[in-house]
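Subject: Structure handover

Hello,

Here is the structure I promised to pass on. Please open it first, then read my notes below.

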Amino acid sequence: MNIENLIEDYKRQTKICSEIDYSDKDSVKKNNKAVDRMYQIVELISKSNNQNEIDEFSKLLKDKENRTNLWSAVHLLEKLSFDTKTEKEALKIIEKVAKGNTSEAMGFQYWLKEYKSK
C-alpha cells in the first residue's frame with residue numbers, strides 16, 4: 001500500500017472516531033477498531049522507516065478535520081522518527097488540548113508528563 005492510500009485510510013479512521021456515540025456499544029466498537037487501524041497504519045509507516053513517508057504523514061498535523069491533527073500528533077510522537085520542528089508542532093497541538101479541566105484534557109496532561117519524562 002502506498003503512503004497516499006495509507007493516509008486516506010488514516011483519515012477515514014479519524015472520521016469514524018469523530019462520530020462516536022458512547023451510549024451505543026456498536027459505535028464504541030467501531031471507534032476502537034478505527035483506533036487499532038490507525039496504530040496499524042502508523043506501524044507500517046514506522047517499519048518502512050522511509051523519511052518521505054514520515055514527512056507525508058507529518059502533514060496531517062495541519063489537518064484539523066475530525067481532529068486528525070490531534071490523532072496524528074500522538075501517533076507521530078509515540079511511533080515515528082521526527083525532527084525537532086515536527087516534534088514542537090505535534091506537542092503544541094497536544095498541549096492546546098491538555099489545557100482545561102475536562103477528562104480529555106487531564107488524559108493529555110498525563111500523556112504529556114509521560115512523554116516528557118522519557
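One definition to start: the expected span of a helix is 1.5 Å times one less than its number of residues. Keep in mind that this is a predicted model.

**Helix α5**

Helix α5 covers residues 84-98, so its 15 residues should span 21 Å.

Which residues of α5 are buried? They are Thr86, Ala90, Leu91, Ile93, Ile94, Val97 and Ala98. Looking down the axis of α5, these buried residues fall within an arc of 155°, so they line one face of the helix. The face turned away from that buried side holds Lys85, Lys88, Lys92 and Lys96, which are exposed.

What covers the buried residues of α5? The cover includes α3 (51-58), α4 (68-79) and α6 (103-116). After α5 comes Gly100, with a positive phi near 125°.

**The core**

The largest nonpolar core has 31 residues. Ile45, Phe57 and Ile94 have the most contacts inside it. At least two residues of this core come from each of α1, α2 (25-48), α3, α4, α5 and α6. Ile94 is also one of the buried residues of α5.

Take Ile45 as a place to look. Setting aside neighbours within four places in sequence, Ile45 is in contact with Ile3, Leu6, Asn50, Glu53, Ile54, Phe57 and Leu80. Phe57, in that list, is another of the residues with the most contacts inside the core.

Thr68 sits in helix α4. Is Thr68 buried or exposed? Its relative accessibility is 1%, so Thr68 counts as buried, the cut-off being under 20%. The side chain of Thr68 makes a polar contact of 2.9 Å with the side chain of Thr14. Beyond its neighbours within four places in sequence, Thr68 is in contact with Tyr10, Lys11, Thr14, Leu60 and Asp63.

Lys15 belongs to helix α1 (residues 3-18). Lys15 is partly exposed, because its relative accessible area of 41% falls between the limits of 20% and 50%. How far apart are Lys15 and Thr68 in sequence and in space? They are 53 residues apart in sequence and 8.1 Å apart in space, C-alpha to C-alpha.

**Where to start**

I would begin with α5 and its buried face. Then go to Ile45 in the core, and finish with the polar contact between Thr68 and Thr14.

Best wishes

Conventions
Residues numbered from 1 in each chain as written. Predicted model: local features only at pLDDT ≥ 70, side-chain atom pairs only at ≥ 80, totals over all residues. Heavy atoms only, no water. Helix = DSSP H or I, 4+ residues; strand = E, 2+ residues; numbered from the N terminus. Buried < 20%, exposed > 50% of the residue type's maximum accessible area, 1.4 Å probe, protein only. Arc of directions from axis to C-beta. Contact = heavy atoms within 4.5 Å. Core = buried A, V, L, I, M, F, W, Y, C linked by side-chain atoms within 4.5 Å. Polar contact = N/O pair within 3.5 Å; in protein donor to acceptor, adjacent residues only side chain to side chain.
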